[in-house]
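Let's walk through how the chains of this assembly meet. Have the sequence and the model open as you read.

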Number of protein chains: 8
Amino acid sequence: MAPVLILMGSQSDWPVMQHAAQMLKDLGVAWRAEVVSAHRTPDLLKSSMEQAEQDGVPVVIAGAGGAAHLPGMLAAYTAIPVLGVPVPSKQLKGLDSLLSIVQMPKGVAVGTLAIGQAGAANAGLLAAQMIGVTDAKVRESVKNFRSTQREKVMNGPKLELPDA
Amino acid sequence: MAPVLILMGSQSDWPVMQHAAQMLKDLGVAWRAEVVSAHRTPDLLKSSMEQAEQDGVPVVIAGAGGAAHLPGMLAAYTAIPVLGVPVPSKQLKGLDSLLSIVQMPKGVAVGTLAIGQAGAANAGLLAAQMIGVTDAKVRESVKNFRSTQREKVMNGPKLELPDA
Amino acid sequence: MAPVLILMGSQSDWPVMQHAAQMLKDLGVAWRAEVVSAHRTPDLLKSSMEQAEQDGVPVVIAGAGGAAHLPGMLAAYTAIPVLGVPVPSKQLKGLDSLLSIVQMPKGVAVGTLAIGQAGAANAGLLAAQMIGVTDAKVRESVKNFRSTQREKVMNGPKLELPDA
Amino acid sequence: MAPVLILMGSQSDWPVMQHAAQMLKDLGVAWRAEVVSAHRTPDLLKSSMEQAEQDGVPVVIAGAGGAAHLPGMLAAYTAIPVLGVPVPSKQLKGLDSLLSIVQMPKGVAVGTLAIGQAGAANAGLLAAQMIGVTDAKVRESVKNFRSTQREKVMNGPKLELPDA
Amino acid sequence: MAPVLILMGSQSDWPVMQHAAQMLKDLGVAWRAEVVSAHRTPDLLKSSMEQAEQDGVPVVIAGAGGAAHLPGMLAAYTAIPVLGVPVPSKQLKGLDSLLSIVQMPKGVAVGTLAIGQAGAANAGLLAAQMIGVTDAKVRESVKNFRSTQREKVMNGPKLELPDA
Amino acid sequence: MAPVLILMGSQSDWPVMQHAAQMLKDLGVAWRAEVVSAHRTPDLLKSSMEQAEQDGVPVVIAGAGGAAHLPGMLAAYTAIPVLGVPVPSKQLKGLDSLLSIVQMPKGVAVGTLAIGQAGAANAGLLAAQMIGVTDAKVRESVKNFRSTQREKVMNGPKLELPDA
Amino acid sequence: MAPVLILMGSQSDWPVMQHAAQMLKDLGVAWRAEVVSAHRTPDLLKSSMEQAEQDGVPVVIAGAGGAAHLPGMLAAYTAIPVLGVPVPSKQLKGLDSLLSIVQMPKGVAVGTLAIGQAGAANAGLLAAQMIGVTDAKVRESVKNFRSTQREKVMNGPKLELPDA
Amino acid sequence: MAPVLILMGSQSDWPVMQHAAQMLKDLGVAWRAEVVSAHRTPDLLKSSMEQAEQDGVPVVIAGAGGAAHLPGMLAAYTAIPVLGVPVPSKQLKGLDSLLSIVQMPKGVAVGTLAIGQAGAANAGLLAAQMIGVTDAKVRESVKNFRSTQREKVMNGPKLELPDA
């Protein structure tokens, strides 16, 4: 299976979006990351999706901030499922990014995750879950990841008040 | 393949959520819909997901309004991908539903769609796209749906000012 | 000079966007209106802007609602100035449309007007003002429009309390 | 009487939630604190509430951030009164946490306090007030706490402008 | 035990607040409702709470809209636990009411419920849960109410698409 | 004439509220500042306003944060005009303070200024303007202040790009 | 004393702003109302304020909606105290009007009231309170108004549940 | 052609607004920048626009924060197209500035850009695009700028995970 494709609107989104890559890596899923700007390189929108379809990419993860058009525009050019990650914006803290990504009209869909790093990591996780539907090994990785985090919660330190 | 499972927090969410069912039906994907309330029937969260895993359900679509816990709680109990639909709430118009569904912490993911009917329809569409990754017939349906809506836009009536 | 081009994401935006057309007509500026959906007809984005550049269109007015990508994507494909009109959305009343249009990243600009009919009318007015910079007749029309509305304010009826 | 039970979605919520514990301690009310994640350890939701009912826990205080499902899910599993504390989230500053906790549907209730440390402290205070309805000693502690804070306000330093 | 006291800022809040009364009645808990306006009858704040303490009122439920000061001011005058219900406001739909009630400073607490009728009903429910901690009969009523609503969900009608 | 009375909900509001005092001092208007907490010292609300009426205080300036009840509650106890200053809150940046102060119901009014230091300074300025209606000397001070700030704007440094 | 001057940005604001006039009339204070549009008749801003100063107008009440510049611009041209009323806007329900009026920079102040009719009525009330500082008869009217509304609250009908 | 006129409400807005000047300089378009405060120097509004019309200024760029009245008031005094830049405010992060600038009523238009530096740079860019409609050299500069930024995106560094 081709690697999951991680696209983002700007080089500066990588510190957020790398959490998607890291999660995929941790779950044993191959990935490839590139910058495609909906506004600065609009011609890449179509060509990147055509290439992705040809390559057999199973999921596209796209992150962008502010008037975040990348995920929705990629979804307009492909039938591959697209997951969107709202990157925090400087002033409005990603509320603009979230609404720009999630409020898609009927007929073109983006599965949107939380604002910022948690959302990027969960985009990787959800991509793995999607692959896991038909790939037992990845499904197993997801279940192991879940067990591990469950155990971490259950084995955390005792909660105590600091000394006065 | 087992039908896509559409769950919602209340009977009163069906007028919104039926748009997911309709889209799936239009794309030739089987579905099954039920009411599971995270708050009123919490025991069904786990059992419904265990049943879904056993049945081989490929995607779960969950809609809820207000403090919309259903999608996130289902995601907590399964490795099947979960898509969330924020149902409009009476006072805050679904902004509460949206934030309650999309702002999941790292480690449990919900792919969130737009508030209301458009989001429900797109949840059905995205589910079909996910199935289409490995099912050529469904992939074809999605592409046909896309072509049809493209043509509808291109063959719309001429835009004219009303007579003074 | 070629007509001002008015584009919108959906036929259903015309009741709002026709106020741009009406204002242009009232100011003696030619216009042409079409539906181009960023999401349903993405290939039209580039071709419509190439055609507009070839035709010598002086301003593009674009209206869209929700995750309103149309104005920003048109701006990505042309050096013609683009004005954006946030069309009211069903649940969030156009706040999503506004943020999706106005919060463009550095390097691709959209001059954004108010949400709804007032914004559409003002997009027509601002387009006329832009044309008026080098076209004395249109500039005159704008000034007359301004005088007329000033006089309407000044000759309004006396404000009185209703009878008890 | 069994200690008040303080639960939180993550170890990282303790710096906020310890203000509930501190307030209870200051008022002479016993408490016990643990991490229970609605999403990462969903099976603990029911078991922790069954244990609490068996122990005779008089109030549950639950804090969580983002899509904060913990308080509402605990309330779904018990008839013990549940108080919710919205923990500040990184981007939306706890507005998401607040709406996710307070906007519960009819039939399952969470008494919600302010975002952050003040809310955590007040959850401890309100728990003590609830216990104080039938426990005269705790009621006295609350009244003393109130007197003390009233006197602090009344004996504060004189308010003067800084030297120019 | 004295009846639960339901106070509201205005006669016009009763259509919302009566849902608290109805819930209490359904659960077999006595109640008494009155209008006390924080702004128009401030002297009643203190006297009503002194009377309530003397009567042995176990919980106060207070609803108000807009700059909703009633719940917080009642809490300032008593050690009886106070629950607050944000009544929907005409323009801001109760977001102002919610923030005015829930964002109390450290030292005076209001347990806040959802905006509107659901919140009012849940204030009644939470009051009953609080009473149920020491009153087995009321605790039983709450559990029965919960069972009934669980069964209603589970026995709802089949979800079907309308005929085309 | 008695000094303008500046009240605030907490000692910690003084760094914001001292800008009201400073403005009054700069305009030659006497002032007095005290902490009165609506929630922690509710009995002072009435007594402070009775004293103010007796003293002939011409304006009350009140600042508070979060569920900011102080300005509205003072207004409930007096016919002296009350100006409100929303003090920035830690998480919601004063949006809660603003709505809690400004959204007063018909019948009790608070003239609300901007969030934070600018609002505090302007409360002092508006108080002086109110006094200036019948006090020519203060009116003159206000006009001088206005001239001075106008000249500062007009004599500002030239705006130049930094060296590359 | 000259009448209180009530200005508004548009004839269509009168249904809201007449509540200021009505309140002033009820309190025995003379008023005069006119339309002055900051945007459509900017030259009237200065001339109306010069006339008001010459006439001895004691307070200006200004209402506007959307990008509501009228109150702040009037305040820029006069030392007479200006009260602002945010008129509800079609889409954003007056949140835009409120922020445009209240968030004035240091140096020019507008005392802002609530969004809509309640705010307009309270602007009339606050104007009367300001006049009442030096006019015993108006002060008496305000106190009578307060007594009347207090009595209305206290003599309201009994609150009863509707028959089942 | 006369230089583009960049106006701002305060000297302190220059760190944001200089990005408009820099962009114009980079595109070979002359500019001139000055402080004009709508509130502190209202008489300059009209005189600066009369001068601009006389000079043949092709576009006015205006930036302001909070209750940002400058762009709208300049637009009220001229038929020259006005672009508005919302300068970030201290507490509300420019949401107030944005709504105050963009929500203009029908009849007076401001083309609004994004909050902050990106918006200021884009105001310069859009001004150049407007000039470029009739000035081939500036149009060429814009196209070169676009090519350069496209190439920067396409030649960015490879995206790699940091070493563990």
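What follows takes two interfaces in turn.

This is a predicted model, where local features need pLDDT of at least 70 and side-chain atom pairs count only at pLDDT 80 or more, while totals for chains, interfaces and linings use all residues. Residues are numbered from 1 along each chain as its sequence is written, chains are lettered from A and ligands numbered from 1 in the order in which they are written, and side-chain values use heavy atoms, with hydrogens and water left out.

Start with chains A and B. Each puts 40 residues into the contact (heavy atoms within 4.5 Å). About 3,100 Å² is buried between them, 60% of it from carbon and sulfur atoms; that's the accessible area, with a 1.4 Å probe, lost on putting the two parts together, summed over both. The interface has 2 salt bridges (a side-chain nitrogen of Lys or Arg within 4 Å of a carboxyl oxygen of Asp or Glu). Look for Lys143(A) and Glu53(B), which form a salt bridge with their closest N and O atoms 2.7 Å apart. On the side of chain A that touches chain B, α3 (70-76), α4 (95-102), β5 (111-112), α5 (117-132) and α6 (136-154) each give two or more residues (DSSP runs numbered from the N terminus: helices are H or I, at least four residues, and strands E, at least two). The largest share, 7 residues, comes from α5(A).

Lys46(E) pairs with Asp43(F) in a salt bridge, the closest N and O atoms being 2.8 Å apart.
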